[in-house]
Structures are given as structure tokens and as C-alpha cells.
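Me: I would like to learn how to read a pair of helices that cross each other. Could you take me through one case slowly?

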Amino acid sequence: MYTFSSKLKTFSIILMAVGILGIGYGFLNAPKNIEEVETLLKKEASEHGGGHHEAAQAHHEEKTQEATHHAEAEETHPQVVVNKDSIVANADTVHEEKTEVVHETAVANHEVKADKHEEVSHEQDHKAHAEHVLHQLQNKPWSALYVACIFFLLLTMGVLAFYAIQQVAQAGWSPVLFRVMQGITAYLPAGSIIFFIILVLCGLHFNHIFVWLGEAVTDPKSPNYDAIIAGKSGYLNFPFWIIRAFIFLLGWNLYRIYSRKNCLAQDEANDDLYYKKNFKLSAGFLVFFIVSESIMSWDWIMSFDPHWFSTLFGWYVFASFFVSGITTIALVTVYLKSKGYLEYVNTSHIHDLAKFMFGISVFWTYLWFSQFMLIWYANIPEEVTYFVTRIQLYNLPFFGAVVMNFVFPLLILINTDFKRLNWVIVMAGIVILLGHYVDFFNMIMPGTVGDRWFIGVSEIASILFFLGLFIFVVFTALSKSPLLAKRNPFIEESKHFHY
């Protein structure tokens, strides 16, 4: 039996405490009104060359002086000298002067109106921009929390899917790792509850991270009306959306509960009845999972950009969290092995996990390139804007994710001998997990905060909180049952797995 060490438990609690403090700071530090945003914008303008505002002010004063001058000209009247010989000439002169004054006055009035119209239009644009920035900055702590929450939730789902695949494939190498996988998936209930609460708060307008949940975006009479979102409102509406989320999370958790229950019962059984139950249950779950995973990726990630869609997106998201889950299995296994547990796990098991890490990293890169290349090559404006935004505003994390998730694993894990070295697995695993966090960051942040992104207190604190919670829940679960599924039909083959 594994014993949850007091040092690791204390470490996880410290991570959660620091994370909560940082998350709270992020929410408190977000601007509360437009006045705070305008102060921020003025500060940014002064830092990037503050001459624009002064020039605009000087131009406005010059226009005002010209208008005043023309208005004074309107009040002046020509003097008419009554003279018998020159009365006709003076009358003509007066008529010409009056005509000129009227013309100049009309021009002056037109310029004043145009200037006022321009000023009002500028003020309206400025107010709209300030309100937009306000929403972006208020979204930032919510988005950071959302990214970290969904990353750890789906990472756990990657482990659960891998476990189900091993059950259905009747794999002979992996049963010694089943309890490690079950321990990691113990995070699923806690992660699901927190994530579902965040989704409900989104629907109750505690934030603006989902554009399609905005007020009156489907009402043709509203200034917020969006024709594309209105066209998708039959699918993208809060009641249907939250019901789908509840069904998916409930289905995943039910499989996790009953598969673990059957696996533990098999340890005390005299036949393979519970193993056969798990086989059938896992086969049914994989059908449910592959459908729910695709829809989940549309609902919880792709809908941040409701004007854009990709038919590869479900597979792309799956590859990202699947390799993250397998990497987590490897890291937890290496840790437990270093503490003297998992006596039957050898370098061949580690080698196989590393092969999956390598292979799925290549698969993720294939999907990344396919999605990018096909859309970029077609050059359809409403599709390519997704990547233009990320290349222009998120250049470093966008291409950095490719380096962390493909180039680094390729160079490190392509060597067969390296796949058997624990320190290499740990190093590669940490980079892969960070890289796929960045991948989720790239998928979500552009649609919620736009160009107002940076890795700050909110992002780091959210990672620390969920990492602490993950460690606490997972290692507590590992201490609740033996680390060896002793009555699995393939356990002997797994114990002696070596090549």
C-alpha cells in the first residue's frame, strides 16, 4: 500500500493556498469600470508616444477659432453712403458683400457641424473601445482560471480514455499500471464539479468569455445582434449547452466509478466475471467518449470563436489532452518507482509509455499542421482570421507550442535508450505538459482577451491551484487501495513484460 507522504501533502496544500491567493488577487486587480480603463489607456498612449492627443486638441482649438472668426464676420454690416450719383454702385457693392458674408457664414456653420460630428463620433468610438477593453481585462482572470481548469480536467480524461483502451485491447503489458491510472482519474469528480460551476457562472453572465452568451446577440433589433451567432442559436444556447455538459461529465464519471469498482472487486473474485464486465463497460464507454469528446471540443473550446470552425478540431483537442494524460501516467509512475513502490514495473513499461508520448506528439503535430495548412492555403477570410489573430498577437506561444510539443520530444524521445532513462522521461514530460497548457492557452485566450494577454499572476496562480488540488486528490486516492491489480487475467504477463 502506498502512503501519502506528509511532505508531498503539505506541498500540495501550499500550492492550493498560494493559488487561491493569486486567483483572488487577479480578480481584485481587474478594472471595475470604464474610468479605470481610460486611465490605463492614457498611460499606454503616453508610453507609446503621447503626441497624438495634443495634436488632436490643437487641431480642435484651431477649428474653433476659425468658426468664431466667421461668426463675427456675420455680425458686421456694410456702410451705405446715400449719394445720388453712386447709389446704384453702392447697392451693387452691398449686395455682393452680403452674398459673400452669407456664403462665408454657411461654410463656417458647415465646418462647425462637421467638427462637432467628428468629435461626437470620436467620443463614441473611444467609449466603445474602452468598454471592449474593460470586458477583455475583466475576462482575463476568468480565462486564466478556465484554461487551467479544463487542462487538468481533460488531462484526466486522457488517462481515463487510455485506461479504457487498454481494457478493450486486452493489453498484456499495462495491468501493473492500472492502479496508477485509476489514481489519476480520481481527480475527475472534483475537476468536473469545479468546471461545471464555471460553466454555470458563464451562463449567468458573471463574465463575458463566451461571446455567443452575450446579451441580445440573437435579437435582430438589438445593436449587439450577430447574424452568424443567431444562425447557430439552435445549437449554441445556454440551456442545451449546459445540459450537454452535464450529460458528458456525468457519463465520464459514471464509467470511472464503475470501472474502478469492478477492478477492485476482481481482486477478491474467484473468476473473471468482473473483468468481463469491465471489458463490456469500457467498449461502451469508448463509443460514448469519442462522440462526447468531439462535441465537448466544439462546446467548451471552439465556441470561443463562434464565427470559425474546423472539422479537425475534435481530433486536435483529443491528441493534445491524450498525450498529456499518458505523460502524467509516466511521471507518476516514475515518482512512485523512485519511492520504492511498483516493484513489477520495469524499464520496458517506462519505454512503452515513452513510445506513446513520442507517437502521440507526432500525431498532434500532424493534426496541427493539417488544420493550419488546409485553412491557410485556402485563404478564405472568415476561416484564416483564426490563424492570423494567433500569428500576429500570439506569435511566441503559437509557434513556441510547436517547439515544446513536437521538436523537443522528437529530438529527445526518438532515441530508444533515452526512453528507458527516468530523468529523460521527467524532463520531456514536464516540457510536454507545459507545451500543451500553452496549446490550450492559444485555443482559448484570443477569443476571450484578444491582445490583452500575458502570463501573469492569474495564469500562474490558476496553474498552481489546480496542480495542488490534482496532487492532493490523486495521491490520496493511490493510498486507498493496493497498487497492484492482482487478479487481472493478464497480470502475470504484465509482471514479466520485458524486451
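Me: Is the crossing of H11 and H12 left-handed or right-handed?

Reply: A crossing counts as left-handed if the near helix is turned anticlockwise from the far one by less than a right angle, and as right-handed if clockwise; here, the crossing of H11 and H12 is left-handed. The contact (heavy atoms within 4.5 Å) involves Gln 371, Phe 372, Ile 375 and Trp 376 of H11, which meet Glu 383, Val 384, Phe 387, Val 388 and Ile 391 of H12.

Me: What kind of model is this, and how are residues numbered?

Reply: It is a predicted model, in which local features need pLDDT of at least 70, side-chain atom pairs count only at pLDDT 80 or more, and totals for chains, interfaces and linings use all residues. Residues are numbered from 1 along each chain as its sequence is written, and side-chain values use heavy atoms, leaving out hydrogens and water.

Me: How many helices does the chain have?

Reply: Helices are DSSP runs of H or I with at least four residues, strands are runs of E with at least two, and both are numbered from the N terminus; the chain has 16 helices and zero strands.

Me: Which residues of H12 are buried?

Reply: Buried means under 20% relative accessible area, with a 1.4 Å probe and protein chains only, and in H12 this holds for Val 384, Tyr 386, Phe 387, Arg 390 and Ile 391. Their cover includes helices H10 (313-338), H11 (347-378), H13 (395-413) and H14 (422-448). Across the chain, buried residues make up 47% of the 499 residues.

Key:
Buried < 20%, exposed > 50% of the residue type's maximum accessible area, 1.4 Å probe, protein only.
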